[in-house]
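Q: Can you walk me through this one? I'd like the surface and the interface.

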Amino acid sequence: VTVSPRPFPPGPYPVVVIGSGPGGLQISYALRRFGIAHALISNDPAPGGMFRRWPHFQRLLSWTKPHAPAPRGSRAYERYDWNSLLADEPDARALQPGLMDGSSYFPSRPEMEANLASFADRARIAVRFDCAWTGTRRVDEDAGRGFVVETTDGAYRAEILVVAVGVAEPYSPPGIGMELTHHYAAVRPAESYAGHRVLILGKQNSGFELANGLLPWARDIVLVSPSPAKFSVQTRSLAGVRARYVQPYEDHVLGGGVAVLDAALDRIERTEGGDGSLTVRVRRTDTGGDLAVEVDDVISATGFTTPILDLPEIGCSISGRSRLPLLSSWWESTTLPDVYFAGTIGQAAKGLVKHGVPANSGAVHGGRYNAMVLAQRIATERFGVAVPRPSVAPGDLVSTIATELAEAPELWHQRAYLARVFTVDPAAGLVDDGVQPLTHFLDATGPDAVAVTLEADGTGAIYPVLYTRVGGDSQERMLEPDPLLRYDGPDARRTIGRIVREVVPGVPTED
Amino acid sequence: MIDRDELLDSIAGFGLFSDLSAPQLEAIIHIFDERMFTAGETIVHQGLSGSGFFVIVDGEALVRADGRELARLGRGDFFGEVAILLGVPAIADVTALGQIRCLVLPGHQVESFLIGHPKVMYRMLQAQARRLRAANRPGT
């Protein structure tokens, strides 16, 4: 029996990718698609990233519709399948629905893990597992650009580093008595909270997920954070607690025993003579006044940070509680060039956040498109790969745009963030410049062009927006929201035609 | 990384928030999002809808309309409110001069925020009155 050697031994590579969650797998696939040689290394023993452990209560927040309006495996189907990774090969596409047992359109955690493992297998993504990233330094200036990546297997050298290590390092804010709490990441099996009084710090998805999972076990549940809980069905975006976890809130407002407090933590202390119980002192932020709550457990659902090791020490600026890097529109560190980020860390490149609606870069269904766009950027800008810019006949432009608005999963999932760009190239004529970050289009100067995206304004409407650039001057042009979200009918085509005729002479009128 | 207490101390010193209690200030840093921008990055695009209300925590920003420089803003200053209050697209470009850290509130939340925090609304009116006086002062 021959054991195949582990791939990617330490040594020099054009690109080193770190991480084998959805982000690392997708960017590795995308780089290979453009012919960019790279090593993919991971601390883990198998693919899956955070989905090898979480969510705690074993079911995802992201859906996959097994029976959707578009056929499974088609590009349009991706709009309804948030969890499969992207591939050109039919046998590696839309893997998630085939691995679900039909009990829910939210895959279970093991089903998601199987989806990612199956993708790695079918798309033949090689990973050097059990190879932990331990440190990074820049190559000496005279020896050229690039980085040395230290690992438990030895040193790698890379011109470009792509970091896809997730946002999964537990974070608890400092505070008096925080050592008496345990983090979401260290939550015990639910049955061990049977009959307990549990206080959860944090009112975001992880806090509500715990509360929801503990409803059949805990005696009392108190959720505490300074600002009121926000719900996705109210913000009409992924900002806020998702519908699946709203049950503890309903229990609260119907007097079932869950308390949801808007209060700032003052301190946590052991209750005097309290047999191990804890007293949590808080100051109410809504009406003022102090409260003391006696509980058995305090769980800190206060988020996660980014385990980017020593990158800040070699110049990668980070910001905020999550220690997310400062990124350009193309997910490159703005202060440490040649270091790019894929997967959920890509949420650090926020884009326009119009109407307060964030992009979905932190989730698989957004990050997977960012990876495709990023790989193309690295290939063209850093390795001189020529990517075709297909010609578009002016007479076909309106139809092409209408079809994109009906089907393009990039535009549906990354609203006001990724856009499809059509450029009037002085030499080549009207060309399809593919999908790009919208902020790049708005900041760039260049020939006349139109960028097509979909947007949402937090009222529940989702509508197309075309950004025109004529003579260097950019304009935002919206289409009327359609209640059935159809933007390929005659009215939409007429409006699209009127707008693009300002950019592209020769687009025929449709009437 | 600047921690929560430092952020609290920073914004406690801002005119806009000077009437708020410590727990209210803590709520502010949860109600607003924190955003960092790097040198040259456009924070608000003139002519685009859906921008937010920004308060500068650290750093400086340049305000320009139609290519003409209108103002430089710094720590404690705010911007974006005119377009939100009037329900129009952004009236100016705002770009980061060096690294800048802001608190930001989505436009559609501004009305309920101000009504819920009348002291902040009053401070905002005072700042607007100062801007109006400066704009009307002869010879400026």
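**Surface patch and interface**

A: B:L85, B:L86, B:V88 and B:I91 make up a nonpolar surface patch, with about 380 Å² of accessible area together. Areas are Shrake-Rupley with a 1.4 Å probe, and for residues only the protein chains shown count as cover. Patch members have over 30% relative accessible area and no salt bridge; nonpolar side chains (Val, Leu, Ile, Met, Phe, Trp, Tyr) are joined within 5 Å, like charges within 9 Å.

Q: What are the ground rules?
A: The model is predicted: local features need pLDDT of at least 70, side-chain atom pairs 80 or more, while totals for chains, interfaces and linings use all residues. Residues are numbered from 1 along each chain, chains are lettered from A in the order written, and side-chain values use heavy atoms, without hydrogens and water.

Q: Where is B:V88?
A: In the chain B loop between α3 (81-86) and β6 (93-106). Helices (H or I, at least four residues) and strands (E, at least two) are DSSP runs, numbered from the N terminus.

Q: Now the interface. How much area do chain A and chain B bury?
A: About 2,200 Å², 59% of it on carbon and sulfur atoms. That is accessible area (1.4 Å probe) lost on being put together, summed over both. A:P226, A:L326 and A:H355 lose the most on the chain A side, together 19% of what that side buries.

Q: Which side chains form the salt bridge?
A: B:E26 and A:R283, at 4.0 Å, N to O.

Definitions and conventions
Buried area is the accessible area (1.4 Å probe) that two parts lose on being put together, summed over both.
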